Amino acid sequence: MKTERFILDTDPGIDDALTILYALASPEVKMEAITVVNGNCPMEQGVINALSVLELAKTTQIPVAKGMDKPLLLPVINAEVTHGKNGLGYAELPAPETKPVEKHAVELIRDIVLQNSGEINIVAIGPLTNIAMAIRLYPQIVQAVKHIYIMGGAINHCGNMTPQAEFNIYCDPHAASIVFHSGVPFTLVPLDVTYQTLMTEKDLQKLAELKTPISDFIIKASRYVMEYLSESQEVMGCALNDPLALAALFQKDLMKVSHLVIDVDTNAGVSMGKTFADFYNYDHKSANGYAALEVCAQDFVDHFMKRMIQLSQ
Ligand code: BDR
Ligand code: CA
């Protein structure tokens with residue numbers, strides 16, 4: 001089995017926290033570092049959350065770096081209504097004892113990617129500010145990175161932030177535009193697929209039987225977003241947006257991806273942050289990335305739950 005090495009770029013965040021746990025539970029992948037960006041919560045809170053979740057899973061050797069605390073051009077947006085005051089829903093973890101590394105996230109991405117050319121993937125599950133900055137400052141990483149898996153966008157699906165835009169891309173559409181047009185190999189894992197992968201109340205009941213700190217955390221964190229999604233969008237479960245982007249790295253059969261001309265609206269109008277694919281190639285451009293548009297949803301949820309149960313025990 002070839003282990004896929006990756007950097008997790010994240011705005012922790014409930015489903016980001018689940019992704020950290022999913023990575024730790026999956027021997028098919030090796031998480032080299034966690035780089036934090038503003039998004040679901042302010043960047044500094046995201047760093048605390050990342051460290052606390054690692055400590056919950058008794059892992060302290062993975063470097064966590066502070067990254068960009070605001071989008072490239074737009075004002076800061078956070079998602080307290082979806083992820084709660086501290087970003088982890090109803091869960092409250094002890095303050096972490098470990099500290100972030102000194103290096104800035106963008107420099108850590110540069111160093112890990114350039115020192116391991118062709119080996120390192122990035123799984124980007126927050127706004128793309130850190131990744132865009134890394135590409136602008138150190139364009140050599142475009143050739144050196146293996147692949148970027150991005151949780152973001154809504155191609156044929158409505159938005160979850162505005163009628164048309166998905167949260168991560170809406171937070172920093174200019175960063176998304178830089179990444180999409182950089183030439184870097186990327187796969188978008190948009191709401192089209194992530195909103196099919198729901199962890200349900202029944203799944204939480206299975207975890208509840210375990211009564212361990214990790215199962216308790218997953219339940220308290222997820223229940224918050226489940227309440228939000230059912231009340232505001234009639235989505236009956238916790239959408240596993242970010243864990244699905246990680247799954248794209250090591251479970252290639254789960255999703256059907258299409259090679260497309262992918263773009264984002266950066267104009268300050270009603271569709272700002274809308275991602276779209278030029279399916280008919282009106283503009284006669286070459287495809288610049290892949291988008292996952294179909295998923296074996298139940299297979300993924302079953303796999304995710306199995307790993308969460310294993311990790312909790
Ligand atoms: C994305 O936005 C955040 O709320 C989630 O963590 C996920 O990355 C879904 O739109
Ligand atoms: Ca996220």
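This is a predicted model: local features need pLDDT of at least 70, side-chain atom pairs count only at pLDDT 80 or more; totals for chains, interfaces and linings use all residues.

Student: What makes the peptide bond from P12 to G13 cis?

Tutor: Its omega is near -15°, and the bond is cis. Most peptide bonds are trans.

Student: Why is K211 called exposed?

Tutor: Exposed means over 50% relative accessible area. K211 has 72%, and is therefore exposed. K211 is placed in the loop between α10 (201-208) and α11 (213-233), and its phi is near 55°, a positive value in a residue other than glycine.

Student: Why is N281 called partly exposed?

Tutor: Buried requires under 20% and exposed over 50%, with partly exposed in between. The relative accessible area of N281 is 26%, so N281 is partly exposed. N281 belongs to the loop between β11 (275-277) and β12 (289-295). Its phi, near 50°, is positive although N281 is a residue other than glycine. Most residues other than glycine have a negative phi.

Student: Why is helix α8 described as largely enclosed by the rest of the structure?

Tutor: Of the 8 residues of α8 (residues 173-180), 8 are buried, so the helix is largely enclosed. Among them are P173, H174 and F180.

Student: What covers the buried residues of α8?

Tutor: The cover includes α5 (129-137), β5 (147-151), α7 (167-171), β6 (186-189), β10 (262-264) and β11.

Key. Residues are numbered from 1 along each chain as its sequence is written. Chains are lettered from A and ligands numbered from 1 in the order in which they are written. Side-chain values use heavy atoms; hydrogens and water are left out. Helices (H or I, at least four residues) and strands (E, at least two) are DSSP runs, numbered from the N terminus. Buried means under 20% relative accessible area, exposed over 50%, partly exposed in between (1.4 Å probe, protein chains only). Contact means heavy atoms within 4.5 Å.
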